[in-house]
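Let's take a look around a protein model together. Have the sequence and the 3D view ready.

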Amino acid sequence: MGRSLFAGFLSIFGAKMTTSVVSIVSLPVIVRVLGPAGYGDYAFLLSTLTLLLVVVSSGVTEGVQKFAAENRDREGWTADVVGFYARLAAVLAMAGAVGLAAVVETGAVTRFFGDYRLEFYLLALLLVLIQFKQLARRVLLAFELERYSESLRVVNKLLTVGLGLGLAISGLGVVGMLLGMAVGNATVALVGAALVVRRVPLASVVRVPDGSFPRRQLLTFNAMNVALVLLTMSLYHVDVLMLRTLVGSEATGYYKAALAIAEYLWFVPISLEALLLHSTSSLWSDGALDRITDLSARISRYTVLFVGLLAVGIAALAERFVPLYFGADYVPMVGPLLWLLPGTVGFAVARPILAISRANGDLRPVIVATGAAAAINLGLNAALIPRYGIAGAAAATSVGYASMLAFHTVSARRLGFDPMAGLRPLRMAATCAVTAAVVFPLAATLQGDLVALAVVPPVGLCVHVAVALATGAVDRGEAEQLLSSVPLPLPTAS
């Protein structure tokens with residue numbers, strides 16, 4: 001690793017924080033502009049797009065991030081990897097777009113979902129634009145240029161939300177949101193490509209490497225990664241697709257809003273996941289299993305503590321927060337949100353473990369673990385949604401999310417590292433329990449929703465940190481090490 005792992009994390013985390021703030025600010029506007037039914041349709045279209053992108057994009061983008069980051073004893077290795085994946089990306093993106101357009105022309109979309117021809121044509125365009133945007137961003141990540149890749153991510157979010165909302169408010173609704181997304185991804189794809197060609201010869205895109213280039217290894221990784229990501233994405237989107245089909249747009253809108261809040265717990269784990277795929281590839285190459293175990297165990301412990309704090313806060317304030325944030329129409333989402341939280345915490349801890357396991361390159365144990373969780377999720381959603389609606393979807397998805405942690409812990413141990421080593425479960429449970437014992441009564445006692453939302457989070461944070469240090473869930477030396485890594489002008493003793 002050519003630079004500090006923490007510096008790379010800060011770049012990704014900073015961008016994730018910025019995009020999360022944009023999402024937090026814009027989401028209540030979007031749900032009000034589109035309404036519950038319109039937002040349900042928008043969620044359905046995004047879920048459809050995401051699942052299509054799994055087939056078109058996941059093997060390409062994550063493959064180039066992993067293999068371009070490796071230091072192999074072969075002249076022109078990095079340029080050949082980028083060129084190989086650029087050609088593959090173009091073929092897959094065009095095939096996906098043409099295939100989706102052909103499906104629309106058969107009338108299948110209208111027959112099953114209603115008059116959504118224009119929306120699905122826009123999805124076909126987005127398949128191509130997002131493919132090249134993601135390719136450029138993953139190459140920059142492989143080059144350890146997180147400052148560029150994550151800045152582009154912020155630009156994409158701002159353009160997508162700003163233009164999309166403007167067009168939606170003007171009367172275009174869901175179509176306007178999709179057009180904003182298209183403009184944002186096109187802009188970032190062009191800028192990202194310009195940054196990449198400054199470091200990789202443009203000729204490598206068309207030059208076919210000689211027979212010593214390990215095409216079969218890369219293609220095998222791609223195929224297995226597509227299977228893995230498809231299984232993972234099913235955990236995010238099967239519930240939404242089933243709800244839209246079985247229950248309707250309005251209920252789907254409520255449920256998607258609950259998911260959006262629950263998934264805010266993932267902003268730190270997602271940042272770690274994006275960083276660890278390329279950052280731990282070299283550790284696997286060197287056989288540094290002790291370092292991998294130590295790194296994964298610390299990350300697991302810190303993630304439990306951080307995400308546990310957020311989950312306690314959301315649970316305590318949900319009934320006050322939801323009407324203010326989404327409007328009174330969205331009160332039905334509070335129950336599903338509470339059901340989702342336990343599983344969301346488990347999946348948050350599993351995400352960095354999954355990234356480290358994928359960096360190993362042997363995806364079979366990872367696919368088996370993810371497939372088991374996906375099967376549980378699919379079966380429970382199929383059983384519970386027809387009978388219990390959005391509450392059944394939330395309970396089923398929560399169990400599916402939580403099972404990811406159990407299965408991927410077993411998978412990690414089979415690969416040779418233990419992400420639960422030194423986890424200190426009793427100390428962490430005591431920390432979260434004491435925080436909850438303070439936060440819930442305080443939230444119930446305070447008069448006024450705005451007062452509660454202003455007072456409870458900082459009090460909960462102070463209590464959580466103090467108890468974590470007192471119980472030894474986090475050592476004082478670890479806390480000092482974390483603080484010393486933060487590049488901020490912290491005061492020093494005189």
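In which helix does Ile299 lie? Ile299 sits in helix α10; helices here are DSSP runs of H or I with at least four residues, numbered from the N terminus. Keep in mind that this is a predicted model, where local features need pLDDT of at least 70, side-chain atom pairs count only at pLDDT 80 or more, and totals for chains, interfaces and linings use all residues. Residues are numbered from 1 along each chain as its sequence is written, and side-chain values use heavy atoms, leaving out hydrogens and water.

Here are two buried residues, where buried means under 20% relative accessible area with a 1.4 Å probe, protein chains only.

| Residue | Helix | Relative accessible area |
|---|---|---|
| Ile299 | α10 | 11% |
| Asn381 | α12 | 0% |

Now for a helix pair. Helix α10 (residues 289–326) packs against helix α11 (residues 334–359) at an angle of about 165°, and their axes are 9 Å apart. Axes are lines fitted to C-alpha atoms over the stretch in contact, and angles run from 0 to 180 degrees between N-to-C directions. So α10 is roughly antiparallel to α11 (that takes an angle over 145 degrees).

Finally, back to Asn381. Helix α12 spans residues 364–415. Leaving aside neighbours within four places in sequence, Asn381 is in contact (heavy atoms within 4.5 Å) with Asp239, Met242, Pro386, Ala393, Ala396 and Thr397.

Methods. Helix = DSSP H or I, 4+ residues; strand = E, 2+ residues; numbered from the N terminus. Buried < 20%, exposed > 50% of the residue type's maximum accessible area, 1.4 Å probe, protein only. Parallel < 35°, antiparallel > 145°, perpendicular 65-115°, else oblique.
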